[in-house]
Amino acid sequence: METKQIQILNPHKVKDEELAEAAEILKKGGLVAFPTETVYGLGANGLDEEAAKKIYAAKGRPSDNPLIVHISAPEELESLAAEIPDAAKSLMELYWPGPLTMVFKKKEIVPCGTTGGLDTVAVRMPSDPIARALIRLAGVPVAAPSANRSGRPSPTTAGHVWQDMAGRIEMIIDGGPVGIGVESTIVDVTGPVPVILRPGAVTMEMIKDALGQVEIDPAIVGPVKEGVRPKAPGMKYRHYAPKARMTLVEGEMEQVVRTINRLAREALKGGERVGIICTDETRSCYPAGMIRSIGIRAREETVAHNLYAVLREFDDLEADVIFSESFPGDQIGQAIMNRLTKAAGYHIIKA
Ligand code: TXA
Ligand code: MG
C-alpha cells in the first residue's frame, strides 16, 4: 500500500478542506495517522470492527490489547458509555479536551473488536486542533492507539510514524512535533474509587485534588506478576522498548554521574556501543559514549517531551547498552519514570 503524507502548515488554523481526504479514508474503514497533544495516533472508525482489525495488523499488536476511542465533543460520550459516574463528570469538566482517558462500562454499539473483548471502553477527547477537526469531520468516534509498531517507542513526530508505518496505512497527517510527548493518563472510573491505570500529564496529584481520592494500579509501579491480569491490558507488554539493554541509575546526582561514567567506561572497554541519557544540567559531566540530553531537569515537561525521540535515536544509533539518569516519581515525573522503567525492563540500580 502506498502511504500518502500530508502536511498541515498552521495546525491551529487547520481548515476542514485540508482534512477532507483523511476523514473520507476513516469513513471508508481505512487508517490515518494523526497528531494529538500527547503522541501521534493511528486512527480508524471505532465502531467498525473490520477497521479496528486493520489497526492491530498495521501495528503488529496483540488483539487482546484494547484501543482508546477518541471523540471531538463531550456529548459524544453518551453514545459510547453506559454510565457516566460523577467522578468522570468532574474530571471531564477540568481536563477535557486534554491528555486524559477514562474507562467506562461500554454500550452495545462499541464493538468488542475495539475493546479487546472487554465490556468497558476507554474514551478520550484530545485538545489537538487537527485531531479534533479530523474526528468531527469523520463523523464517528475514532479508535486510535499510538502510531508505532508494537514494542517501539510511541511516535512524537510524523517522521517517527513514517519510520514505523510507511506502506502499512493509507495516510499520515504531519502536524509537526507533539506538545506533551507521553501518552494520556488513563483513569478507570467504573468502580467506587477511580484508579489510575497509566500515569500521564494529568497527574495523580491533579486527580486527587479534583476528586479527593484516587488509587494507582500496581502495574504502574512495578513489573506485572505472573498470572496477574493488569486492568489496562497494554501495561503487561514490554512497551516502549529500545533495542539496547537499558539501565536506570537512581540516587544523589553526583553519585549517579559517577556511577554512569564508570559503567560506560567498562562497557566501552568491552567494545559495546554505549548510550547515555542525561539532562541539560549534567551534559558536560560525561566524557565518553553517545551522550543525549533528554531535557531540562528543572523543567520536567521538557523531559516528557523528548523521552521517546531519545529512545528512538538510540535505536537508530544501534546502541548496545543505555545508561540513564532517573527522575523523582511525583507529578509528571510519575509518567516519565513509568516509561523509563518499562524501557529498562525494570532494571534499576542505586548509585
Ligand atoms: O495519549 C494517548 O492515549 C494516545 C493518543 C493516540 O491518544 N493513545 C494511546 O493508545 O496511547 P495506546 O493504544 O497506545 O494505549 C492504550 C492503553 C493500553 O495500555 C490499553 O491496554 C489501555 O489503554 N486501554 C484501552 N482500553 C481499555 C479498557 N477498556 N480498559 C482498560 N485499559 C484500556
Ligand atoms: Mg501505545
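In which sense do E13 and E15 pair, and over how many bridges? The first view takes that up; like the rest of these close-ups, it shows a predicted model.

**View 1. Strand E15 and its two parallel partners.** E13 and E15 pair in the parallel sense, over four bridges. E12 also runs parallel to E15, and five bridges join those two. Strand E12 covers 245–250 and strand E13 covers 274–278, while strand E15 takes in 321–325. Look along E15 and you'll find Val321, Phe323 and Glu325 pointing one way, with Ile322 and Ser324 pointing the other way. Side chains in a regular strand alternate between the two faces of the sheet. Five of the five residues of E15 are buried, so the strand is largely enclosed by the rest of the structure.

**View 2. Zooming in on Ser324.** Ser324 lies in strand E15. Is this residue buried or exposed? Ser324 is buried, with a relative accessible area of 0%. Setting aside neighbours within four places in sequence, the contacts of Ser324 are Met246, Thr247, Leu248, Val249, Ile260, Ile277 and Leu340.

**View 3. Helix H9 and what covers it.** H9 runs through residues 253–269, 17 residues in total. From first C-alpha to last, the helix reaches 24 Å, close to the 24 Å expected at 1.5 Å a residue. Its buried residues are Val256, Val257, Thr259, Ile260, Asn261, Leu263, Ala264 and Ala267. An α-helix has 3.6 residues a turn, so residues three or four places apart point the same way. And what covers the buried residues of H9? The cover includes strands E12, E13 and E15, along with strand E16 (348–350). Ile260, one of the buried residues of H9, also turns up among the contacts of Ser324. After the helix comes Gly271, whose phi is positive, near 80°.

**View 4. The open sheet of eleven strands.** Here the strand order is E1-E8-E2-E3-E7-E4-E6-E5-E9-E10-E11, and the pairing is mixed. Strand E1 (4–7) and strand E11 (215–216) stand at the edges with a single partner strand each, so one side of each has no neighbour in the sheet. Strands of a sheet pair through backbone hydrogen bonds, either parallel or antiparallel. For an antiparallel pair, go to E5 (residues 100–105) and E6 (residues 120–124), which are joined by five bridges. Met102 stands opposite Val123 of E6.

View 5. E8 spans residues 171–174. Met171 and Ile173 point one way, Ile172 and Asp174 point the other way, and all are buried. E1 and E8 run parallel and are joined by four bridges, with Gln7 opposite Asp174. Strand E2 (residues 32–34) pairs with E8 as well, in the parallel sense over two bridges. In E8, Ile172 is the bridge partner of Ala33.

**View 6. Asp188 in strand E9.** Asp188 belongs to E9, which covers residues 185–188. Asp188 is buried, at a relative accessible area of 10%. Leaving out neighbours within four places in sequence, Asp188 is in contact with Val103, Val193, Pro194, Val195, Leu197 and Lys231. Asp188 and Gly222 are 34 residues apart in sequence, and their C-alpha atoms are 19 Å apart in space.

View 7. The structure holds one cavity of 30 Å³ or more. The volume of the largest cavity is about 30 Å³. Its lining is made up of Glu83, Pro85, Val103, Phe104, Lys105, Val189 and Thr190. By class, that's four nonpolar residues, one polar and two charged. Val103 also features in the previous view, as a contact of Asp188.

**View 8. The second largest pocket.** About 180 Å³ of space lies in this pocket. Which helix gives the most to the lining? H11 does, with four residues. Helix H11 (332–343) and helix H8 (218–221) each supply at least two residues of the lining. Among the lining residues are Ile220, Val221, Gly222, Pro223, Glu250, Gly329, Tyr346 and Ile348. Gln334, Met337, Asn338 and Thr341 are part of the lining too. Sorted by class, the lining has six nonpolar residues, five polar and one charged.

Terms used:
Residues numbered from 1 in each chain as written. Chains lettered and ligands numbered in written order. Predicted model: local features only at pLDDT ≥ 70, side-chain atom pairs only at ≥ 80, totals over all residues. Heavy atoms only, no water. 1 Å grid on protein atoms, 1.4 Å probe; cavity = no way out; pocket = protein on both sides within 12 Å on 5 of 7 lines; lining within 4 Å. Points joined across faces, edges and corners; volume = space filled by probe spheres on them. Nonpolar A, V, L, I, M, F, W, Y, C, P; charged D, E, K, R; others polar. Expected span 1.5 Å × (residues − 1). Buried < 20%, exposed > 50% of the residue type's maximum accessible area, 1.4 Å probe, protein only. Contact = heavy atoms within 4.5 Å. Pairing = 2+ DSSP bridges.
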